[in-house]
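Colleague: I have this one open on my screen and would like to walk through it with you. Can we start with how far to trust it and then go inside?

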Amino acid sequence: MATDNFADLQRWREPPVFRLLSTGTLFSGSHINKTWRGLAQTPGSHEAGLPMLVKYMARKPVIAAELACAVAARALKLQVPGGSLVIAQRDQLPGLPNSVRGSATDLVLCYGSEYKFPDDTVARPTQAQDVEEWIWRRLCHTAQGPIGGVWDELVANDDRHCENVVYDGANWWLIDHEASLPSVAKAMKKFAEAQARQSVIDEKAAVNTLAHEVLTRRPNDHKMDALPAHWQTLRKRLSWLGDQAQAWRTPMPEVNAVLEMAHLYLRGIELRLPALALHLSDRMQNPESASLWNSYKSSAPATPRKTTLRPRA
């Protein structure tokens with residue numbers, strides 16, 4: 001039964017599935033995953049379409065991870081754009097990979113996130129290295145910096161870099177969570193087993209770039225270590241969302257398969273919450289251990305890093 005504590009979560013009683021309303025606008029650039037901007041709407045709704053970024057990803061567990069992180073962030077009241085599954089027709093997605101355009105079905109399942117318009121009125125440096133420093137300096141000195149660092153620890157996200165945060169003129173938003181919790185995908189078929197669940201709890205990201213930047217720039221007042229206890233008070237919200245996700249069903253088997261995976265990712269995030277303080281403490285006290293603090297730049301291999309960059313408006 002819903003309570004006042006869950007009033008803002010009621011939209012998640014129903015499966016988060018949208019339809020793309022018209023042809024999407026393809027973002028240019030060398031993005032690993034094709035991304036479009038368009039309007040999407042829940043099937044049967046008479047409300048106006050919502051501006052969304054629609055991203056095609058071939059691997060369904062990756063779509064599920066993105067969706068679960070977006071939903072879990074709502075439970076913890078974090079600045080992560082709302083997410084959903086988006087069903088599109090192939091001809092609505094110009095530039096779709098050839099392997100998809102040649103498939104038997106006309107429908108394509110994508111991940112959609114609420115579009116946060118970047119504030120392009122703010123003067124920024126032009127050199128890439130200067131842009132990175134500009135972003136970290138501003139983000140880390142807001143409340144969202146420490147929150148984002150702890151969030152990446154919770155979901156074992158080692159792919160935070162300066163191009164998957166967005167400033168809309170008022171808030172910093174954390175985007176792109178497709179690299180989160182790979183242990184869930186490995187344990188998915190045996191998630192009910194204690195050993196598999198423990199592997200999810202024990203997982204640590206190789207790097208936590210945002211937390212490193214915050215700790216470096218705010219060594220005395222970051223207050224990251226206070227966040228796990230606060231988030232623990234919100235655990236019932238996360239558990240409630242997991243219960244709703246367990247019941248998500250649509251008439252489309254392919255969609256249901258991704259929703260079921262998203263449910264397991266949600267349960268995995270909830271499982272990790274009680275251990276978050278320990279993971280974070282280990283990260284902060286042992287910066288040179290196996291869970292190294294590394295900036296995106298220093299940890300990047302010589303070949304281009306496989307990540308989805310936030311398209312510019």
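Predicted model: local features only at pLDDT ≥ 70, side-chain atom pairs only at ≥ 80, totals over all residues.

Colleague: What does the pLDDT average for the protein chain?

Modeller: The protein chain averages a pLDDT of 88, and 88% of the residues score at least 70.

Colleague: And where is confidence lowest, and where highest?

Modeller: Helix H12 (residues 296-299) has the lowest confidence, with a mean of 36, whereas helix H4 (residues 144-154) has the highest, at 98. Over residues 288-313 pLDDT stays under 50, and for that stretch the model has 70 contacts beyond four places in sequence.

Colleague: OK, going inside: how many residues are in the largest nonpolar core?

Modeller: The largest nonpolar core has 74 residues, and those with the most contacts inside it include Leu67, Leu85, Trp151 and Trp231. Helix H1 (residues 60-75) gives the most to this core, contributing 12 residues. Apart from this core lies another, of 14 residues, with Phe18, Trp36, Val86 and Cys110 among them. As background, nonpolar side chains in soluble globular proteins tend to be buried together.

Colleague: You mentioned Trp151; which residues is Trp151 in contact with, leaving aside neighbours within four places in sequence?

Modeller: With those neighbours left aside, Trp151 is in contact with residues including Cys69, Ala72, Leu76, Arg160, His177 and Trp231.

Colleague: Is Cys69 buried or exposed, and how many disulfides are there?

Modeller: Cys69 has a relative accessible area of 2%, under the 20% cut-off, so Cys69 counts as buried. Cys140 is buried too, at 0% relative accessibility, and the count of disulfides comes to zero.

Colleague: Switching to rings, how many aromatic pairs does the structure hold?

Modeller: The structure holds three aromatic pairs. One of them joins Phe6 and Trp240, which are stacked at 5.4 Å centre to centre with 20° between the planes. Phe6 lies in the segment before strand E1 (17-20) and Trp240 in helix H9 (residues 235-246), so the pair ties together parts that are 234 residues apart in sequence. Phe6 is buried at 10% relative accessible area, and Trp240 is buried at 8%.

Colleague: And what about Tyr167 and Trp172?

Modeller: Tyr167 and Trp172 form a tilted pair, 5.0 Å centre to centre with 35° between the planes, and Trp172 is buried, with a relative accessible area of 7%.

Colleague: Last one: which ring does the charged end of Lys116 sit over?

Modeller: The charged end of Lys116 sits over the ring of Trp173, 4.1 Å from its centre, while Arg11 lies over the face of Trp12, at 4.3 Å from the ring centre.

Terms used
Residues numbered from 1 in each chain as written. Heavy atoms only, no water. Core = buried A, V, L, I, M, F, W, Y, C linked by side-chain atoms within 4.5 Å. Buried < 20%, exposed > 50% of the residue type's maximum accessible area, 1.4 Å probe, protein only. Helix = DSSP H or I, 4+ residues; strand = E, 2+ residues; numbered from the N terminus. Contact = heavy atoms within 4.5 Å. Disulfide = S-S within 2.5 Å. pLDDT = per-residue confidence, 0-100. Phe/Tyr/Trp six-rings, centres within 6.5 Å; stacked < 30°, edge-to-face > 60°. Lys NZ or Arg CZ within 6 Å of the ring centre and 35° of its normal.
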